[in-house]
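Reader: I have a complex open on my screen and would like to go through it with you. Could you begin with the terms and then take my questions in turn?

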Protein chains: 2
Amino acid sequence: MKKEPAIRELLHSHNLRTTSCRQGILDILGNSSEALTEQDIKTQLDSQHDRTTVYRSFKTLIDNNLIHKIVVDNNLVKYALNPKWYSQHDHVHFYCKQCDKLVCIESEQQAGIPLPEGFSASETEIIIKGTCKTCTE
Amino acid sequence: MKKEPAIRELLHSHNLRTTSCRQGILDILGNSSEALTEQDIKTQLDSQHDRTTVYRSFKTLIDNNLIHKIVVDNNLVKYALNPKWYSQHDHVHFYCKQCDKLVCIESEQQAGIPLPEGFSASETEIIIKGTCKTCTE
DNA sequence: CTACTTTTGCAACATTGATGCAATTAACAC
DNA sequence: GTGTTAATTGCATCAATGTTGCAAAAGTAG
């Protein structure tokens, strides 16, 4: 759970001003164990903001590597705070088809998919779909 | 390279009528070694079709597992014919950051990403980004 | 508090996904 | 080939989202 001074500091360290929209987004995502949709976040924001402002806030935060965006099934869009291990490991997302939840999973193990001759990989995006723990029980 | 009778037969086996739009899309994708954007396909179609028709044709073909859709970087959308091995193996896409090409890669090896307790996977979507053979040379 | 720079809100526009409905077309039987 | 029927198209229309320009408002440093 991120507190205001921490958020302020985080933004400041990226040369970003502390605005209620950015602060709210980071706070909401920081308190969530799963990725959230734009709607989820908008309804949780205490102050109303223009659509463009929210859009630009997402963009700024993404550009500064504070959050990231995940698209599932080509149309479901969710956002998540970048975890501490964000850049160290392969980034894997798990999507539960039953409850629609999307969570980030730390994967220390390289996926290790063999590529044809001459191809070289720099990034790998993985979305695993299935059933989460809660829905299995 | 798919010929018209083959396409007709393919559509028929899925209880779909042979329309010039569907036929055109399948023909174009069948002759392409890479995934194409909606624009790519539209410009290659000989007859003009309404936006909705093309949209619905994609939808129908996707629903019937004849083609699939790939989203890269959350905004680039491409379509590809479903290869013969489509359902047998993990489906891996390779996206070349330099030339923007997107190709399907057959991956016999399971990605084998470890999931937390209680989570079970049914599908895995993988996009590998990097440099393709042509751009490396 | 002031000055300066960033950020917001609004207008505006493009693209894409999606649906209802009447007109058109494909497929099948004859 | 013609006719019948059901699928498909084209058009209108709407919602959601991405994007930009610009003047007003707000954040920050001194």
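Author: Let me begin with a definition: helices (H or I, at least four residues) and strands (E, at least two) are DSSP runs, numbered from the N terminus. This is a predicted model, in which local features need pLDDT of at least 70, side-chain atom pairs count only at pLDDT 80 or more, and totals for chains, interfaces and linings use all residues. Residues are numbered from 1 along each chain as its sequence is written, while chains are lettered from A and ligands numbered from 1 in the order in which they are written.

Reader: How many helices and strands does chain A have, and in what pattern?

Author: Chain A has five helices and five strands. Along the sequence they follow the pattern α-α-α-α-β-β-β-β-β-α. The C-alpha atoms of chain A fill a box of roughly 50 × 40 × 25 Å along the principal axes.

Reader: Which element gives the most to the surface near DNA strand C?

Author: That is H4(A), with four residues. A residue counts as near a molecule or strand if its C-beta atom, placed from the backbone, lies within 6 Å of it. DNA strand C is surrounded by 19 residues, and the closest are A:Thr19, A:Asp50, A:Thr53, B:Arg17 and B:Thr18. At least two residues each are supplied by H2 and H4 of chain A and by helix H4 (51-63) of chain B.

Reader: What classes of residue make up the surface near DNA strand C?

Author: It has four nonpolar, nine polar and six charged residues. Here Ala, Val, Leu, Ile, Met, Phe, Trp, Tyr, Cys and Pro count as nonpolar, Asp, Glu, Lys and Arg as charged, and the others, Gly among them, as polar.

Reader: And which residues are closest to DNA strand D?

Author: They are A:Arg17, A:Thr18, B:Thr19, B:Asp50 and B:Thr53, out of 19 residues that surround DNA strand D. H4(B) provides the largest share of that surface, four residues. The surface near DNA strand D divides into four nonpolar, nine polar and six charged residues.

Reader: Back to H4(A): at what angle does it pack on H2(A)?

Author: Helix H2 (residues 20-30) and helix H4 (residues 51-63) of chain A pack at an angle of about 65 degrees, with their axes 10 Å apart. The axes are lines fitted to C-alpha atoms, for helices over the stretch in contact, and angles run from 0 to 180 degrees between N-to-C directions.

Reader: Which residues meet there?

Author: A:Cys21, A:Arg22 and A:Ile25 of H2(A) meet A:Thr53, A:Val54, A:Ser57 and A:Leu61 of H4(A). Contact requires the C-beta atoms of two residues, placed from the backbone, to lie within 7 Å. The contact of H2(A) with H4(A) comprises four nonpolar, two polar and one charged residues.

Reader: Changing topic: how many residues does each chain give to the contact between A and B?

Author: Chain A gives 31 residues and chain B gives 31 residues. On the side of chain A, E5(A) gives the most, with 12 residues. That side divides into 15 nonpolar, 10 polar and six charged residues.

Reader: In which sense do the two E5 strands pair, parallel or antiparallel?

Author: E5(A) and strand E5 (residues 120-131) of chain B pair in the antiparallel sense, over 11 bridges. Two strands pair if DSSP finds at least two bridges between them. A:Lys129 stands opposite B:Glu123 in E5(B).

Reader: What is the strand order of the sheet?

Author: Six strands form an open sheet in the order E4(A)-E3(A)-E5(A)-E5(B)-E3(B)-E4(B), with mixed pairing. The edge strands are E4 of chain A and strand E4 (102-107) of chain B, each of which pairs on one side only. From one strand to the next, the twist averages 25 degrees. E3(A) and E5(A) run parallel and are joined by six bridges, and A:His91 stands opposite A:Glu125 in E5(A).

Reader: What rotation superposes chain A on chain B?

Author: A rotation of 179 degrees with 0.1 Å of shift along its axis does so, at an RMSD of 0.1 Å. That is the relation of a two-fold axis. The superposition is by least squares on the C-alpha atoms of residues with pLDDT of at least 70 in both copies. Of the residues of chain A, A:Ile126 comes closest to the rotation axis, at 2.3 Å (C-alpha).
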